[in-house]
Amino acid sequence: MSTDRVESPSRLALRRLRKNTGAVIAMVVLTVMVIAAIAAPWITPFDPTTQILEYSVKPAGFRGTILFKKNPADPETPSIIAVSDWQLRSDTVYYRDPAGEPYSIARSALVGVTGDDFVATPTFWLGTDRFGRDMFTRLIYGMRVSLSVGLISESIALLIGIILGAIAGYYRGWADDVIMWLVNVVWSFPTILLVVAFSVLLGKGYWQTFVAIGISSWVDIARIVRGQFFSIREQEYIEATRALGYGPTRTIFRHMLLNATGPIIVLSTAGFATAIIAEASLSFIGLGVQPPTASWGQMIKDGYGYIALGTNWGMTLFPSIAMAIGVLVLNVFGDGLRDAFDPKTSQR
Amino acid sequence: MMVSYILRKILYTLLVLLGVVVVTFFIRPPGDPARVLLGQRADSASVAALREQLGLDKPLPYQITTYMTSLAGGDLGRSIATNRPVAETIIERLPATALLAVTSIAIATLLGILLGVIAAWRPNTRIDTLTMSTSLLGISLPAFVVGLLLVLVFGVGLEWFPISGYVDRGAEHLVLPMITLAIRPLSIIARVTRSSMLDVLGQDYVRTAKAKGLSDATVFVKHALRNALNPVVTTVSAWFAGLLAGTYFVEFIFNWPGIGLAAFNAIEKLDYPMIQGTVLFTAIIFVTVNTLADILYGFIDPKVRLS
C-alpha cells in the first residue's frame, strides 16, 4: 500500500486559507472576540446593568471614585455610591457626592474593612451611557449577544436551508416546485423586513430574535444546496450508491451533503455577519433583545440622540466600530474561505 | 415563444404574490392583538370592541379571505394609530421614498461600475486593493451606522449638509440620506463588476481583440465591459430589495417623510395594519421589479426564454 498521503479537498482548502494573510488576521480577531465574549464576566470591570447615575454620560477615559456598599439582596454585586472624596474617621466614612453634598455611612455597611476594600477609582475606558453604565462592559456583553445571535440564528437557517434544499435537489419534481415557490415567496421580502415581521409576530425578546432571524435567512442556503445537488446527483458515485441499494437519507447525508460542504461553509460565514447586522437593526428599531440586556444596536440608538447635539458621540461611535469590526472580520474570513474552497477565484 | 415566456413569468409571479400576501397577513402581535394594543389594564369590553372592529373575532380562514378580497380592491386596511387608510398614507409618502431610492440606486450603479472597472483595469495593484477593501467596509456597515457616521462627520462636525428634513427645504437635504442608502449597493456593485470584468477579460474573444491590435481602452470598454454588465444588472435588481429595506432606517435617521418613516413609527406602536401595508407594498415593488428584469432578460438573451 502506498504511504503517500492523499490530500482531501478540505485539507487543501485549509492550507490555502493559512496562506491568506487577511483571512488569518480575521480569524485571530474573531477568536479574540469569541474568547472575550465568553470571558465577559471576568474581563469587564462592572456588571453590565450596574447604574451609577451620578456618573452618567461621561466621556471616554473618565475616572470616578466609588464606594462599595453591601448589598443584602445580592452579596456578589455590591451597591455603588459615587463620591468626589471621602474620609474614614473611627468607624464612619464621611464622603461628599459628586454634587458636593456631605454624607456619612457606617463602615460596617460597606464591603470589607479598609479603604482598599471599599473604595475604588476605576477608569471608564469608553465612558458611560445615560444611566451611568460602563460602556466598555456593555460593549463586551453586547458582543456576547451579537455572536450568539450569529451562531444560533445561522444554525436554525442552516437546518431549514439544508433540509429543504436537499429535498428539492434530490427529489426534484413537485417537491422541488413547492420548495422553490416557498423560496421565492420568502425571497420577495427584504430579509430585514421579514425579520421585523417575524419579530412582531413572535414578540420581543432574546429567543424570539434568534428564531426570527433564523427563519428569515435560510433561503440562500436552500438555493445553493439545491443547485449543488442538481449537479452532484448526476455523478457516478451517486449512481453507485443507488446501485448499492442505499436509501435516500444515507445518500443525502453521507455522500451528497459532504460534497457540498465548501459552499455551505462560505455562505454560513456571510450569514453569520448578516445575522449580526439583523440583530443590531432590530434592537435599533426597539424590537429584538430588550433592555437592560446590552446590545450593540440598542447602544447605537441610545447614543443617537446625543449626536445631533454634537456631544458624547462616543456613545454611538464605539458600538458602531465594534459592529463594523465584527462584520468586517467575518466578511474577510468568508472571502478567504471562498477563495480557499474555489482556487479559481483567488488566482485573479 | 416570447409571449408564452412572458405569460409564464407573470402567472408564476402572481402565485408568488399569493404566498407573499399570506405571509403578510400573519404579521400581527402575538396572542390577542387587541389585548396587546390596548395593554394589560384595558377592560375586556373595549378589548372585545377593538377585536370586533379589526375583524379578529371571526375565524381565521374568513379573516384571510376578507384580507385578500379587500387587497384586491386596493384596500390595505386602516392604521390603528391614525385611523387613516394605510393605502392613502403610502401613496402620499411614495414620492419621497421613490426620490430617495431612485437617486441612490442610480448613484450606486454608476459609481459602482466605475470603481469596479477601475479596479479591474490593473488588478492586484494598490488602487485595486484600496477599492476592494473600502468596498468590503461598505458591505460590512448597515445603513443606520453609515447614516449616523455621516451625520457625525459631515452634518455635525463639518456642517456641510443638513442632518434632517426633506427636499422641500432645499435640495441639499437629499445628499446625506442618498449617500447613506447608496453605500452598500455601491460596494457590492463595484465588487461584482470587478470580478465579472476579470472573468470576461480572460475569455478568448478578448484575447483575439487584443491580438487584432486594438488598443487596451477599446478592448476594455467595447468588448469586455459590455459583456461584463449582465451579472451587474442581476445584482442591481436583487439589491433593490435591500435598498428598499434600507429606506426604513435612512428615513428614520434623517427624518425623511417617506413610507419607511411611517413604517418605523408603526413598528414602535405595533400598528400592525400599517406594518402589513408597508411591508406588502415593498415586497410587491420588489417582485415586480424582478419580474420585469426577468422579462427584459428574455428579450436580451434567447437562452433564458427556453429554460
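This is a predicted model: local features need pLDDT of at least 70, side-chain atom pairs count only at pLDDT 80 or more; totals for chains, interfaces and linings use all residues.
Figure 1. Residues are numbered from 1 along each chain as its sequence is written, while chains are lettered from A and ligands numbered from 1 in the order in which they are written. Helices (H or I, at least four residues) and strands (E, at least two) are DSSP runs, counted from the N terminus. E5 (residues 92-96) and E6 of chain A run antiparallel, joined by five bridges; two strands count as paired if DSSP finds at least two bridges between them. In that pairing, A:Arg96 sits opposite A:Pro102 of E6. Strand E6 (residues 102-106) of chain A lies largely in the open, because zero of its five residues are buried. Here "buried" takes 20 or more other C-beta atoms within 10 Å of a residue's own, "exposed" takes 12 or fewer, and "partly exposed" is in between, with C-beta atoms placed from the backbone.

**Figure 2. Three strands of chain A make an open antiparallel sheet in the order E3-E2-E7.** Strands E3 (79-83) and E7 (119-120) of chain A are at the edges with a single partner strand each, so one side of each has no neighbour in the sheet. Strand E2 (residues 65-69) of chain A runs antiparallel to E7 of chain A, with two bridges between them. A:Leu67 faces A:Val119 of E7 in chain A.

**Figure 3. Helix H7 of chain A (residues 191-202) is largely enclosed by the rest of the structure, because ten of its twelve residues are buried.** Its first and last C-alpha atoms are 16 Å apart, close to the 16 Å expected at 1.5 Å a residue; the expected span is 1.5 Å times one less than the number of residues. Among the buried residues of H7 in chain A are A:Ile192, A:Val195, A:Val196 and A:Phe198. Set aside neighbours within four places in sequence, and A:Val195 is in contact with A:Ala212, A:Ile213, A:Ser216, A:Ala278 and A:Leu282 (contact puts two C-beta atoms, placed from the backbone, within 7 Å). Just past the helix, A:Gly203 has a positive phi of about 90°.

**Figure 4. The largest nonpolar core has 159 residues, and those touching the most other members include A:Val195, A:Ile276, B:Ile189 and B:Ala263.** A second, separate core has twelve residues, including A:Ile52, A:Ile66, A:Ile80 and A:Leu110. A nonpolar core is a set of buried Ala, Val, Leu, Ile, Met, Phe, Trp, Tyr and Cys residues joined through C-beta atoms within 7 Å.

**Figure 5. Helix H5 of chain A (residues 135-171) is mostly covered, with 27 of its 37 residues buried.** At 1.5 Å a residue H5 of chain A should span 54 Å, which agrees with the 53 Å between its end C-alpha atoms.

**Figure 6. The contact between the chains takes 42 residues from chain B and 36 residues from chain A.** Helices H1 (2-25), H6 (126-140), H7 (143-157), H10 (216-253), H11 (259-269) and H12 (272-300) of chain B each supply at least two residues of the side that touches chain A. That side of chain B has 36 nonpolar, four polar and two charged residues. For the classes, Ala, Val, Leu, Ile, Met, Phe, Trp, Tyr, Cys and Pro count as nonpolar, Asp, Glu, Lys and Arg as charged, and the others, Gly among them, as polar.

Figure 7. A cis peptide bond, omega about 5°, joins A:Pro291 and A:Pro292; A:Pro292 is in the loop between helices H12 (261-285) and H13 (296-307) of chain A. B:Asn124 has a positive phi near 60° and lies in the loop between helices H5 (86-121) and H6 of chain B. B:Asn124 is exposed, with 9 other C-beta atoms within 10 Å. B:Glu159 has a positive phi near 55°, is found in the loop between H7 and H8 (175-201) of chain B, and counts as exposed with 10 C-beta neighbours inside 10 Å. For context, most residues other than glycine have a negative phi, and most peptide bonds are trans.
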